[in-house]
Amino acid sequence: MIFHNKISSFFQKQPLMRHVLVSLLPLILGSTYLFGLRVLTLLIVVSVAGIATEYIFVKKRNQKVTEAVLVTCVLFTLSLPIATPYWVAIVGIVFGVLFAKEVFGGFGRNVFNPALAGRMFLYVSFPEYLTASWNHASTSFPGGFTQYITPVLDTVSESTPMPAFRATGELLSYNEVLWGYTSGSIGETSAILLILGALFLLSRKAADWRLIVSSITGFLTIHSLLFISGVNNVPNPIYGLLTGGFLFTSIYFVTEPTTAPKTSSAKWIYGFLIGIITVIIRYFGIFIEGAAFSVLIMNTFVPIMDEGVKSLKAMRKKVKA
């Protein structure tokens, strides 16, 4: 009871964030099975660093640490490869919390998603740790529950699904991509666990269905057009959706309430454009996975999108009057 009271006095209660954390529990458990106990140790290290960073700032404002920072830490950890060095993960989460959240004034005022900002900072600053080192996924029980980390991939002959398809045209089985029996970032490989998380969020109204549907619709629309047109290195749309980090991004980052639009029309536009930009970057840019970049790009346009929608509605009311 005493411990619980101390925790309650330290964190600001945010029921919405608790729903997100609950939805992530199966993904954390599943990722541990797939990649090893290092998932948990990496999560602990990141959480300590992220909470400490926010605490330094909220203490000066006489405020409590937000439970939102816990969500940021978990999502950031799940966006990393399992072998990411601890010091690199610490640098990333400190950057995300500091420069994408606290410099804007803290929770509710940030323009960019802190977890994505930290992840992309590492992506461009330490690319070798986020793009060149991958591990096998466990395929039989007890899997990663009895090992610290799963074996390293031979990067010469093996890779994650998207680079492998680009290099050889080889497609994994749907059983592999649905259950996550493939290499990739910790939380992005299992489509089944991600879908379960999405259903929980929607049932608790902790995520806006319009943002998920619009982003996936935009992704599938442009992806289908490219596939039907016979563009090289573009797999079928469903395979493209289930591999890479887009499904993870559309469920947990596109729907982040602080950085997403507030008006209904803007939400549809925002999500649809994220899906389109993701496909364009993925297949025509230098980065194989463009989902994170597309969200950060669209984050910058959220204020003007909301204002634009409000202005159009006001003009229509004047015309009708």
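**Basis.** I number residues from 1 along each chain as its sequence is written, and side-chain values use heavy atoms, without hydrogens or water. In this predicted model, local features need pLDDT of at least 70 and side-chain atom pairs count only at pLDDT 80 or more, while totals for chains, interfaces and linings use all residues.

**Helix 5.** At 1.5 Å a residue its 14 residues should span 20 Å, and the end C-alpha atoms are 20 Å apart, which agrees. The expected span is 1.5 Å times one less than the number of residues. I then listed its buried residues (under 20% relative accessible area, 1.4 Å probe, protein chains only): Val-88, Ala-89, Gly-92, Ile-93, Gly-96, Val-97 and Leu-98. An α-helix has 3.6 residues a turn, so residues three or four places apart point the same way. Helix 3, helix 4, helix 6 (114-125) and helix 7 (127-131) are among what covers these buried residues.

**Second largest pocket.** I noted a lining that includes Arg-18, Leu-21, Ser-47 and Val-74. Helix 2 (15-35) gives the largest share, six residues; helix 3 (38-60) and helix 4 (68-78) each supply at least two.

**Annotated spans.** The unreviewed UniProt entry marks "transmembrane region" at spans including 40-57 and 69-100; such annotations may be inferred rather than shown by experiment. I find residues 40-57 to be 100% helix, with end C-alpha atoms 26 Å apart. Residues 69-100 are 75% helix, and their end C-alpha atoms lie 12 Å apart.

Conventions:
On a 1 Å grid over the protein atoms alone, a cavity is a set of points where a 1.4 Å probe fits but cannot get out, and a pocket is an open set with protein on both sides within 12 Å along at least five of seven lines; lining residues have an atom within 4 Å of a point. Helices (H or I, at least four residues) and strands (E, at least two) are DSSP runs, numbered from the N terminus. Buried means under 20% relative accessible area, exposed over 50%, partly exposed in between (1.4 Å probe, protein chains only). Contact means heavy atoms within 4.5 Å.
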